[in-house]
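Me: Please take a close look at one helix packing and the core around it. Keep it brisk.

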Amino acid sequence: KNKKIVLQAQTSMLVRLAQLLEERKNRIDFRAAISYTEPLYPEIRLYLEKIFQAPVFNYYASNEITAIAQECEKKDGLHLNSEWIYAEILDEKNHAVPVGQKGRVILTHFENEVMPFIRYETGDYGNFIDRPCDCGRTLPKIAIEGRQGHAFTLPNGTIAYFFDMARIILEYISKILQY
């Protein structure tokens, strides 16, 4: 009672909860919401923050390796938990790409003594961000662009992601009640 809640859920579940709260004109006193598993597009973040009246943060993890990276209050990339994760961004020939260039996200996890993940292929694409964060934290920053299984190549050679096709309808997200 009288405590604020921090809610952590998949992006689509947060959207559905927000829709129900908006539809029923209810309010829950959230301190923050943490989105994971699915892309958190700016349009979705704005909608969730409007309904929850609380900040919404993005969190990057996998089933195999949790707590890979997360946003800070500045929301300018994901801070990589380099205390227990070593991340590499590689091209298709397994060469490191320059900072800022997109490549395959490969992780080594230092904490799992039972089943270590060494140079684990996540299936994600991303890039390192080479500018310091205004929050003052010194952890390296990473941006995740999408998952290999959700990618397709456009005629000009650019890689696009199926989730990006949904961006066209995101401004109407509060009106979509079922899918």
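Reply: Helix 1 (residues 11-24) and helix 2 (residues 42-52) pack at an angle of about 45°, with axes 10 Å apart. Axes here are lines fitted to C-alpha atoms, for helices over the stretch in contact, and angles run from 0 to 180 degrees between N-to-C directions. Helices (H or I, at least four residues) and strands (E, at least two) are DSSP runs, numbered from the N terminus. That angle makes helix 1 oblique to helix 2; under 35 degrees counts as roughly parallel, over 145 as roughly antiparallel, 65 to 115 as roughly perpendicular, and the rest as oblique.

This is a predicted model: local features need pLDDT of at least 70, side-chain atom pairs count only at pLDDT 80 or more, and totals for chains, interfaces and linings use all residues. Residues are numbered from 1 along each chain as its sequence is written, and side-chain values use heavy atoms, with hydrogens and water left out.

The crossing of helix 1 and helix 2 is left-handed, meaning that the near helix is turned anticlockwise from the far one by less than a right angle. Now the contact itself (heavy atoms within 4.5 Å). Helix 1 brings T11, L14, V15, L17, A18, Q19, L21 and E22. Helix 2 answers with I44, Y47, L48, K50, I51 and F52. By class, this contact has 10 nonpolar, 2 polar and 2 charged residues. Ala, Val, Leu, Ile, Met, Phe, Trp, Tyr, Cys and Pro count as nonpolar, Asp, Glu, Lys and Arg as charged, and the others, Gly among them, as polar.

Next, the core. The largest nonpolar core has 16 residues. Such a core is a set of buried Ala, Val, Leu, Ile, Met, Phe, Trp, Tyr and Cys residues joined through side-chain atoms within 4.5 Å; buried means under 20% relative accessible area, exposed over 50%, partly exposed in between (1.4 Å probe, protein chains only). L14, A18, I44, L48, I51, F52 and V56 touch the most other members. Helix 1, strand 2 (30-36) and helix 2 each supply at least two residues of this core. Helix 2 gives the largest share, 5 residues.

F52 touches L7, L14, L17, A18, L21, R27, I28, F30 and A33, leaving out residues up to four places away in sequence.

K25 lies between helix 1 and strand 2. K25 has a positive phi of about 55° although it is not a glycine. At 74% relative accessibility, K25 counts as exposed.
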